[in-house]
Amino acid sequence: MQYALGPVLWYWPTDTLEDFYQQAACSSADIVYLGEAVCSKRRATPYARWMALARDVAASGKQVVLSTLALLQSPSELKELQRYVENGEFLIEANDIGTVNMAAERHLPFVAGPTLNVYNADTLQLLVKEGMTRWCMPVEMSRDWLLQLLEQCETRGIRQQFEVEVLGYGHLPLALSARCFTARSENRAKDDCETCCINYPKGRRVNSQEGQQVFVLNGIQTMSGYCYNLGNDLAGMRDQVDCVRLSPQDRSTLAEIDRFRANEKGQAPLMVAKGSDCNGYWHKLAGMTLAS
């Protein structure tokens, strides 16, 4: 089983990203995703700097994948997307079906990101035909659903044509909107947001009236309030899952990769806590549930 470090979904300054990816290059991750996947207004790190970071990480022997936006809203964003798709060096992660089309037109392979909403074998077969080499399943899918879907892919003869990736750690990216929730929380208009999300390197917490943390606001993205953690469910996915993705929360996520590896066969159980961790979706339960 391989372990991947997902793209940083928060808005971090370039110097923070550079420091993080220097450490990521020395980590035990097999695959490193990088690039802006949430909001096109986050321009502190331009394309040329992302490419330089990608080359630095690739020099350490890791597979590098450039992640792309999950919500495209303007012609200028399509033009910028084209630069990533045609980068000529690295595999891309398509988080929007328009990116899939752009890659397919150029006969370029791609990773299907979790925001593509792929729930059946028909869609997977189509994506394989278009050039998909790895599929990261939607975050709300259960293990049982995944097994059933992979059986259908086996019947169709396409199972061996792509790898399966599961997001196993981090606040879950649940939804995207044309509105910016972080800006709204500061009584700002989206067009005058001043990219205030950079002031919240772990997002803004949203609590219920009962005081339960139900969501985290991350610009135009709504994330789960609890941290998803499948570190104690790895033994049950070893025969079906090729890659487990950990979404960066901060530098400590790099050490989390080592803890996941150590518990791959269930020999070093991870410490998880109700009220801060969850794994419900994997077990066909309410998302905020922590199943034993």
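At what angle do the axes of helix α5 and helix α6 cross?

## Basis of the description

This is a predicted model, in which local features need pLDDT of at least 70 and side-chain atom pairs count only at pLDDT 80 or more, while totals for chains, interfaces and linings use all residues. Residues are numbered from 1 along each chain as its sequence is written, and side-chain values use heavy atoms, with hydrogens and water left out.

## Helices α5 and α6

The axes of helix α5 (residues 121-130) and helix α6 (residues 143-156) cross at roughly 55° and come within 9 Å; helices are DSSP runs of H or I with at least four residues, strands are runs of E with at least two, and both are numbered from the N terminus. Axes here are lines fitted to C-alpha atoms, for helices over the stretch in contact, with angles running from 0 to 180 degrees between N-to-C directions.

Ala-121, Asp-122, Leu-124 and Gln-125 of α5 are in contact with Leu-149, Gln-152, Cys-153 and Arg-156 of α6, contact meaning heavy atoms within 4.5 Å. By class, this contact has 4 nonpolar, 2 polar and 2 charged residues, where Ala, Val, Leu, Ile, Met, Phe, Trp, Tyr, Cys and Pro count as nonpolar, Asp, Glu, Lys and Arg as charged, and the others, Gly among them, as polar.

## Helices α1 and α2

Helix α1 (residues 14-25) and helix α2 (residues 47-58) have axes that come within 9 Å and cross at roughly 15°, and the two helices are therefore roughly parallel to each other. On the α1 side, Thr-14, Leu-17, Glu-18, Tyr-21 and Ala-25 meet Arg-49, Trp-50, Leu-53 and Val-57 of α2. The classes represented in this contact are 6 nonpolar, 1 polar and 2 charged residues.

Trp-10 lies in the loop between β1 (2-5) and α1, and it counts as buried at 2% relative accessibility, buried meaning under 20% relative accessible area, exposed over 50% and partly exposed in between (1.4 Å probe, protein chains only). Leaving aside neighbours within four places in sequence, the residues in contact with Trp-10 include Arg-42, His-171, Val-216, Asn-218 and Met-223.

Definitions and conventions: Angles under 35 degrees count as roughly parallel, over 145 as roughly antiparallel, 65 to 115 as roughly perpendicular and the rest as oblique.
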